[in-house]
Amino acid sequence: MKKNVAVVFGGTGLTGSMLLKQIINDHFFEKIIVITRKKIATKNLKITNKVIDFSKEKEIQDCIIKDAVVFSCIGTTQSQVKGNKKRYKEIDFDITLNIAKASKKMNADKFLFISSGGANSKSSNFYLKLKGEIEEAVINIKNNSLFIIKPSLLIGRRKNRRFLEEIGQLVMPIFSFILPSTIKAIKAKTVAKAMINISKSNLSGKNIIENSDLFNWSKS
Ligand SMILES: NC(=O)c1ccc[n+]([C@@H]2O[C@H](COP(=O)([O-])OP(=O)(O)OC[C@H]3O[C@@H](n4cnc5c(N)ncnc54)[C@H](OP(=O)(O)O)[C@@H]3O)[C@@H](O)[C@H]2O)c1
């Protein structure tokens, strides 16, 4: 009988770790393949951890199996790449695109990845432009079931502190009641819950999931 397998990229980050925690406790998924660049400490029997070189397309491909649900929560920041835009692109753009290609090639059931609210390839803002370019490149791959997740500011406790985001996380909730759900800050665990619910749906084809949709999907 077919097993429900989740393949998780970016499972060590804020949203990815919430996703992983929830998938572990979700009986729908019988097996979880977690792809990381450093070995993770886990004794959970559902988890298989594969450590790979993310710059190698073939290594990404070898982690994906037919009919799996593939989640990607990968992304970097300007401070992590020390302002190197080429390196930023190699992570956010190249890795995401290679996961999309591998998902298509290996006949994965669904591919979900996190982009960003406001992503636009024509934006003058580096981050929003890059996210828009990733969305367009991934759409061109034509995965059978593609879900582009577009959250606003993510709320959650991080291992490494991010000054500007922390200010946003403090200020946004104060104005939350007047902000429309399209731009309201959202908890990383709410995004993770929505991604899991979406992954179990019967939707296929290209699906753009905006911030406001994520609040609804997290409840379904
Ligand atoms: N922060 C926000 O408010 C916000 C808002 C909208 C959208 N987003 C987007 O949402 C996504 C998830 O954000 P997040 O804040 O949850 O992520 P995060 O905490 O920064 O985690 C990023 C993940 O990407 C992995 N990663 C980074 N560089 C890598 C590399 N070179 N090779 C392999 N893996 C690498 C990290 O692995 P390691 O643990 O090995 O570093 C980690 O698992 C990102 O694409 C982000 O741009 C964020």
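1. The shell around the ligand divides into 10 nonpolar, nine polar and three charged residues, where Ala, Val, Leu, Ile, Met, Phe, Trp, Tyr, Cys and Pro count as nonpolar, Asp, Glu, Lys and Arg as charged, and the others, Gly among them, as polar. In total 22 residues surround the ligand, the closest being Thr12, Gly13, Leu14, Thr15 and Gly75; a residue is near a molecule if its C-beta atom, placed from the backbone, lies within 6 Å of it. Helix α1 (residues 14–24) gives the most to this shell, with three residues.

2. This is a predicted model, in which local features need pLDDT of at least 70 and side-chain atom pairs count only at pLDDT 80 or more, while totals for chains, interfaces and linings use all residues. Residues are numbered from 1 along each chain as its sequence is written.

3. The protein has seven helices and nine strands, helices (H or I, at least four residues) and strands (E, at least two) being DSSP runs numbered from the N terminus. Its radius of gyration is 16 Å, close to the 17 Å that the globule rule gives for 220 residues, so the protein is as compact as a globular protein of that length; the radius is taken over C-alpha atoms, and the rule is 2.2 Å times the number of residues to the power 0.38. The C-alpha trace spans about 50 × 40 × 35 Å along its principal axes.

4. Helices α1 and α6 pack with their axes 8 Å apart and at an angle of about 50°, which makes α1 oblique to α6. Axes are lines fitted to C-alpha atoms, for helices over the stretch in contact, with angles running from 0 to 180 degrees between N-to-C directions; angles under 35 degrees count as roughly parallel, over 145 as roughly antiparallel, 65 to 115 as roughly perpendicular and the rest as oblique. The crossing of α1 and α6 is right-handed, meaning that the near helix is turned clockwise from the far one by less than a right angle, and left-handed if anticlockwise. From α1 the contact includes Leu14, Thr15 and Met18, and from α6 Ala188, Lys189 and Val191 are among the partners, contact requiring C-beta atoms, placed from the backbone, within 7 Å. The contact of α1 with α6 divides into nine nonpolar, two polar and two charged residues.

5. The axes of helix α6 (residues 188–199) and helix α7 (residues 211–219) come within 7 Å and cross at roughly 70°, so that α6 is roughly perpendicular to α7. This crossing is left-handed, and Leu214, Phe215, Trp217 and Ser218 of α7 take part in the contact, which has six nonpolar, three polar and one charged residue.

6. The axes of helix α3 (residues 85–105) and helix α4 (residues 126–141) come within 10 Å and cross at roughly 20°, which makes α3 roughly parallel to α4. The crossing is right-handed, and the contact includes Lys85, Lys89 and Asp92 of α3 with Phe126, Leu130 and Glu133 of α4. By class, this contact has nine nonpolar, one polar and six charged residues.

How values were computed:
Two residues are in contact if their C-beta atoms, placed from the backbone, lie within 7 Å.
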